[in-house]
Amino acid sequence: MPAGEPIIAIVGNTTAAPAPGNAVSAAESLGAALAKAGFRILVYSSGSTFLETPVVKGYVASQAARGKSIQIRYPFDGKAAPAFPEQTTHSHLFDPRPDHIQNWETSFYLSLNEVDGVVLAGGGDSTLIAGMVALGHRLAVVALPGFGGKAVDVWKALTPGRDLVAVEERSEMAAPWSNGQAERCAQMLTAQLARRAEAERARRMADLRREAFITRHAVIAGILFMLAIICVAGTLGIEKPPLWLALAALFVAPMLAGMSGSTIRLVFDWQQGKVMMSTQSATTTAMLGLIAGGAAALLFTLAQTAALKNLSEEAAQRLIPFGVAVGFVAGLTLDAVFRKLIASDVVELSAVAVKKRP
């Protein structure tokens, strides 16, 4: 049987059921249904009281099992491997897997990382823990509370919406065992695995959309920065540009650089998972970057104008590269820029004395 076909761990016992004889026959029919549905099974013990023994019996008797479809996991501790009666006549169906871990509990729980689902009936504490591990790993779970044991607690913990199980499936698991119930359990496993595959596909598609979204905005940030550089190069390439052209480049280039800085900062935050992705946030951030770059360029230009007393064409031309750097940094750190602007006292009022009435 191809290794890619789903494998289901069989966990529990038949002694916890109110009528153990009925539990044995139900387990046999369940094994046959799993074989006919194309599932592989993972078993751990061939003891007469464990759920695996009748499940394996029904699985083999179905005549639908394929080679190596019954995997036996056991710790390699020098003790004899589990031996099912069916191995003497159908050895080609079995796939013994001795584990280098000698502690059976460790071997048992770690094996749950390699399965696609679990079937639980009866059982004790190990069954309860296996069920919780399966739920935590979002595995397909069929817990049969009608056969008693700790599988009842696992069934109670099943939560439609959070886990893969549907509301009607959870109800059917608790229904009295009847003809066709085994086939329905196999169908539940198939449906849950389909839901998990669909959720995984949706997650992969979301990741692809996220990467495309981030890449697109990173490209936009690069284009904006290149446009700012082109403004610098184009203006510096003119020997004596008109004053209006130099002043236009002195403000437009920093604004483009500010948009570039804020966009690339947002891309970085998206990659780090610090903010949620949305077209609105990207547009808003770009506009904030434009304003931050423009405001920083304006303050920079005013400071230089106050120092130079007169802003000539040549002086404006020389300031353009510095304005781009200031604008890019302003966009990259726009949160700090806006906090600084908000905290600034634009109008100095300390010199205005308020006369108090005597």
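Residues are numbered from 1 along each chain as its sequence is written, and side-chain values use heavy atoms, with hydrogens and water left out. Because the model is predicted, local features need pLDDT of at least 70 and side-chain atom pairs count only at pLDDT 80 or more, while totals for chains, interfaces and linings use all residues.

Helices (H or I, at least four residues) and strands (E, at least two) are DSSP runs, numbered from the N terminus. Helix H2 (residues 52–61) is a mostly covered one, with eight of its 10 residues buried, that is, under 20% relative accessible area with a 1.4 Å probe, protein chains only. Among them are Pro54, Val56 and Tyr59. The buried residues of H2 pack against helix H1 (20–36) and strands E1 (7–12), E2 (40–43), E3 (70–75) and E4 (94–99), where contact means heavy atoms within 4.5 Å.

Two packed helices are described by the angle between their axes and the distance between the axes. Axes are lines fitted to C-alpha atoms, for helices over the stretch in contact, and angles run from 0 to 180 degrees between N-to-C directions. The axes of H3 (residues 104–111) and H4 (residues 125–136) come within 10 Å and cross at roughly 30 degrees. H3 and H4 are therefore roughly parallel, a term for angles under 35 degrees. Here Trp104, Phe108 and Tyr109 of H3 meet Ser126, Ile129 and Ala130 of H4.

For H8 (residues 243–272) and H10 (residues 313–332), the axes come within 6 Å and cross at roughly 15 degrees. That makes H8 roughly parallel to H10 as well.

Notes: Parallel < 35°, antiparallel > 145°, perpendicular 65-115°, else oblique. Buried < 20%, exposed > 50% of the residue type's maximum accessible area, 1.4 Å probe, protein only.
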